[in-house]
Amino acid sequence: MSWSGPRLNHYRVRDALTSVGLFLALFAVVHFVAWTEQSRAVQDLRARITETVAALRTHLEAELNANVFLANGLAAHVIAVPDPEDQTIETALRTLYRLGNHIRNVGIAPGNRLTHVYPLEGNEAAIGLYYPDLPDQWPAVRRAMETQSPVLAGPVALQQGGSGLISRTPVVLDDDAYWGIVSLVLDAESLFKTVGLAPLRDGVRYALKGRDGKGEDGAMILGAPEVFDSDPVKVSVPVPGGQWVLAAVPVNGWTAGGSLVFRIYLIGLALGAGLAILTYLFLRKRVLLEVSEHRARAFLETTRDGVIVIGDDGIIREFNSGAGEMLGYSPPEVIGASVNRLMFPGTAETHDRYMGNAKIEAARTMGWRRDVIGRRKDGAAVPIEVMVSETEYGGERLHVGVLRDITDRKALEDQLRKQADTDGLTGLLNRRAFMSKVGTAFDLARRHDRPLALLLLDADHFKRVNDTHGHPAGDAVLVDLARIGTACLRSTDHLGRVGGEEFAILLPETDRDGAITFAERLLADIRAARVDIGGEAPLSYTVSIGIALISAETDSHETLVQRADQALYAAKSQGRDRWAMA
C-alpha cells in the first residue's frame, strides 16, 4: 500500500487530529488530578484551622460561662434571702468580684434601680440609676426579664476606658415574682487576650460578630468584616441570650499546594506533548495506542492518589498502584473484573443504578465527588473520597475515578466533635453537652410520666485547696472526683463538669429514695478517697450535693437545674459534706 499523495495526507491529518484529541484528554486528566491535589491541600488547611477555631470557641465559651455561673450563684442567694441587708449585699458583690475573671464591676438593681456597685470608686454616679430611663441599657434588661434568662450585651465603650461586655442576670423568686437584676461588666480586651483571640495570629485572620448576641445579624465585635466574605471557617459561640459568630481564614487566602500542582501540570503537559509527537511521527494507530497506554499508565503510577478507570459496563480497565495500596489488590487481580468487587452490597446497588442511567447522568456527574466506604481485599472497610470524571478514549466512554483514603480526616472530624462536647481536664461532658442531655431526658420523662433526678455537686473549700497546695493539686481533686462519680454511674446515667469545681449527675428512672441512696453512697466514697498530690501527704476532700426531682410543677429542664442549684446552696449553708433536697 502506497503512503504517498492524498492517502498519506489523509492519514497524516487523521493521526494529527487523533494526537491532538489524546493530548487534550490527557490534559483534562492532568488538570483533574492537579485540581484534586490542590483541593486536598486546601482541605487539610481548612481542617487545621477548624480545629483551632473549635478550641478558641471552647475556651471563649468557658471564660464567659464561668462569670455567668457566679452571677447565677448571687441570684440564687437573693432568691433564698429576698431582703438581704446592705452589708450582706456588699459582701456578696465583693466576693463575686474577687472570684470572677475579667470583671470591671458588679452591681445589683432591685426593681431595676441600681442600689449597690462594687467597686464603688469611680462608679458613684451609677448609684440610683433606673434602667427603664436608660434607652441604651433598657432593651437588654427587658429581654432578660421577659426570658428570665441571662442576657449578654455589648461590647460597649466604657467611661473608664476600653470596652466591656455587660451580663444581665434576672432574679426571679420562687413565686415567679421578678425581683431585679444582677449586672456584671466584663473587660472585653482582657477576655479576648486570655483566650488568645486576636485579628491576626499565627498566619490566620480572625473576626467575631454578633454584638448583643445577635449572631449573623449582629455588628462586628473584633477583626475585619471582609473575613466573613472570604469563605471562612465559621462556628457559633453560644452566649447568654444569643450567640456570636467566630470566623477564620488564612492570611493569604485558601491557596495551598501551588508548587506540587505546578509540577503535576508540567509533567502532564510534557507527557501529553511527547505522546502527541510520537503518535504523529509513527503514523500508525497501533503505535499511537501503545504509546498512549504506556504514557497514561506512567502518569497514573506517579500520582499519590488511587485511580480506577471503568467502562460503561462497570468493568475495570485501569487500576493503579495507589488504588492497590488503598484496597489491598494488585492490578492483575482486578483489571477485567467488575468494580462492584471493591464495594459493599448497598454501595454496589447504588452504583449499578447510576451505570444504568449513565448517558442521562453524564453531564450532571462530571466532577462528581462523594465519600463512600470501600471494601478491601481482606473484607475491611476503608473510608474513601471518590471524584469522578468522564472521557472518550478509543471510541469508548470511560469513567475515571480518583480515590483518596480519608481515614485520618474522618478521625480528625470525630476528634473535633468529641472536643466540642468534652471537658479537657476530666474527660467528662462539658456544660453544653450535659445540658443537652438534661433537656432530652426531661422531655422523655415528662412525656412518659417517669421519674428523673438531677444532682449538682460542688467541691467544698476548693479555693482553699488551690491557694494552699497549688492549681495542680486542685486539678487532681477534680480528676479524682470525676473518677469516683463515673464509678457510681449506671449505663443510663450521665456525669458532666458544668463549672470550675461544679459537677452534675443525671439519673433517669430514679425517684427520691434512689437519688438519696446514690447521693449518700457518693458522699461516702468521696470521704474515703485520698488524692496523691506529690511530695505531700495525700489530700482528702468533701462535696456538697443538691438534689432536684422532676414533678408536676417542674415546667422545664432549666427549672429543674435551678432547683438543684438552690438545693446545693442549702447543703453548703447547712455545713457542707452533705446532701439537700429541693
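1. Helices here are DSSP runs (H or I) of at least four residues, numbered from the N terminus. The model is predicted.

2. The cavity. The structure holds 1 cavity of 30 Å³ or more. The largest cavity has a volume of about 40 Å³. Two helices, H1 (5-80) and H2 (86-99), each supply at least two residues of its lining. H2 gives the most, with 4 residues.

3. Cavity lining. The residues that line the largest cavity are Leu74, His77, Val78, Pro84, Thr88, Ile89, Ala92, Leu93 and Ile108. By class, the lining of the largest cavity divides into 7 nonpolar and 2 polar residues, with no charged ones.

4. The second largest pocket. This pocket holds about 780 Å³ of space. It is lined by 29 residues, and the closest to its centre are Gln137, Leu158, Ile166, Arg168 and Val185. Elements giving two or more residues to the lining are strands S1 (103-110), S3 (151-157), S4 (163-172) and S5 (178-187), along with helix H3 (138-147). S3 gives the most to this lining, with 4 residues.

5. What classes of residue make up the lining of the second largest pocket? The lining has 15 nonpolar, 9 polar and 5 charged residues.

6. Helix packing. H13 (residues 462-469) packs on H14 (residues 471-488) at an angle of about 140 degrees. Their axes are 6 Å apart.

7. The H13–H14 contact. On the H13 side, the residues are Phe462, Val465, Asn466 and His469. They meet His471, Ala473, Gly474, Val477 and Leu478 in H14. By class, the contact has 5 nonpolar and 4 polar residues, and no charged ones.

8. The hairpin. Which way do strands S17 and S18 run relative to each other, parallel or antiparallel? S17 (residues 494-497) and S18 (residues 502-508) run antiparallel, and 4 bridges join them. A hairpin of 4 residues links S17 to S18. Leu495 stands opposite Ile505 in S18.

Terms used: Residues numbered from 1 in each chain as written. Predicted model: local features only at pLDDT ≥ 70, side-chain atom pairs only at ≥ 80, totals over all residues. Heavy atoms only, no water. Axes fitted to C-alpha atoms, helices over the stretch in contact; angles between N-to-C directions. Contact = heavy atoms within 4.5 Å. Nonpolar A, V, L, I, M, F, W, Y, C, P; charged D, E, K, R; others polar. Pairing = 2+ DSSP bridges. 1 Å grid on protein atoms, 1.4 Å probe; cavity = no way out; pocket = protein on both sides within 12 Å on 5 of 7 lines; lining within 4 Å. Points joined across faces, edges and corners; volume = space filled by probe spheres on them.
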